[in-house]
Amino acid sequence: MALTHLSLFSGIGGLDIAAEWAGFETVGQCEWADYPTKVLEKHWPDVPRWRDIRTLTKESFYERTGMRTVDVISGGFPCQPHSKAGKRKASADERDMWPEMRRVIDEVKPKWVVGENVRGLLSSEDGRFFRGILRDFSDMGFDVGWCCLRAADFGAIHRRERLGIIAHSRCGRRMGSVFKVNTMDGCEQALNDPNTSFESWWGGECNSFEPKLLRDIDGVSNWVDRIKCLGNAVVPQQFYIFFKLIADIERR
């Protein structure tokens, strides 16, 4: 039986590609923007799709897929509220969609969650926002770990550092024994300390970095749909390792 994957904030399908490389079947996607949706429709024509995450409920998921849950939910919830290139309003930004992703996770109840965002999420609101995400996962019954990955480490010509979050529904297994990253159990004191700087856990200052690649090429505006989509897309190789390890664990 194929491992199953529900994609939130799908964009043009970067995380979907990574999941399918690892052997997952994408059974649902959610993307509100028109041009990325056309890309998804071309490459995943038979996959049920939601345009507004607020309409993706456990009832609508069952109605459209015949499934009650999935093995993995993935999502790169909008980074604009946390990016150092913006105003960093976090939860005060109307584009903050983490509460909706949290709701879908809580309703569908997957075994695993793979999240993606900019590294600035670690220091957004001085770490309070990220601390809240960890608490949310704990409240939903997940152990959670995270690490930062650079696209350049996987062969890309640009750095594009991204935060990867991986969570597993508690079943007696320790996340720390799977991923050598910070875990929920290992940061209880930090979660209760409002002065904790998550950035310091990574051995250095968070670099203010946004790749110039795809922003302005030979005078072509970065608002051209294709360029904009590529600029926002996840590099699949960065997150393939997450899905591959999950697949190996589940098949074992």
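**Figure 1. Val234 in the loop between α7 and α8.** In this predicted model, Val234 sits in the loop that joins α7 (225–232) to α8 (236–251). Its relative accessible area is 15%, so Val234 counts as buried. Apart from neighbours within four places in sequence, the contacts of Val234 are Gly14, Leu15, Glu116 and Phe239. Gly11 lies 223 residues away from Val234 along the chain, yet the two C-alpha atoms are 8.5 Å apart.

**Figure 2. Helix α8 and its buried face.** The 16 residues of α8 span 22 Å from the first C-alpha to the last, close to the 22 Å expected at 1.5 Å a residue. Buried residues of α8 are Pro236, Gln238, Phe239, Phe242, Phe243, Ile246, Ala247 and Ile249. Viewed down the helix axis, the buried residues of α8 fall within an arc of 165 degrees and so line one face of the helix. An α-helix has 3.6 residues a turn, so residues three or four places apart point the same way. One of the buried residues of α8, Phe239, is also among the contacts of Val234.

Figure 3. The largest nonpolar core is made up of 34 residues, and Leu8, Ile105 and Phe137 have the most contacts inside it. Two or more residues of this core come from each of β1 (3–8), β2 (24–30), α4 (98–108), α5 (128–139), β6 (142–150) and β7 (161–169).

**Figure 4. Surroundings of Leu8.** Which residues does Leu8 contact, leaving aside its neighbours within four places in sequence? They are Cys30, Ile53, Leu56, Ile73, Ser74, Gly75, Gly76, Met101 and Val104. Leu8 is one of the residues with the most contacts inside the largest nonpolar core.

**Figure 5. Phe9 and Arg160, two residues with positive phi.** Most residues other than glycine have a negative phi. Phe9, which is not a glycine, has a positive phi of about 50 degrees. Phe9 belongs to the loop between β1 and α1 (14–21), and its relative accessible area of 16% makes it buried. Arg160 likewise is not a glycine and has a positive phi, of about 40 degrees. Arg160 is located in the loop between β6 and β7. Arg160 is buried, at a relative accessible area of 4%.

Figure 6. The mean pLDDT of the protein is 76, with 68% of its residues at 70 or more. Where pLDDT is low, the predicted coordinates should not be read in detail.

**Figure 7. The whole chain, for orientation.** The protein contains eight helices and eight strands. Of its 252 residues, 51% count as buried. Among contacts with a separation of 6 or more, 68% are between residues 24 or more positions apart. The accessible surface comes to about 12,700 Å², and carbon and sulfur atoms account for 48% of that surface.

Conventions:
Residues numbered from 1 in each chain as written. Predicted model: local features only at pLDDT ≥ 70, side-chain atom pairs only at ≥ 80, totals over all residues. Heavy atoms only, no water. Helix = DSSP H or I, 4+ residues; strand = E, 2+ residues; numbered from the N terminus. Buried < 20%, exposed > 50% of the residue type's maximum accessible area, 1.4 Å probe, protein only. Contact = heavy atoms within 4.5 Å. Areas by Shrake-Rupley, 256 points an atom, 1.4 Å probe, with all protein chains shown as cover. Core = buried A, V, L, I, M, F, W, Y, C linked by side-chain atoms within 4.5 Å. Expected span 1.5 Å × (residues − 1). Arc of directions from axis to C-beta. pLDDT = per-residue confidence, 0-100.
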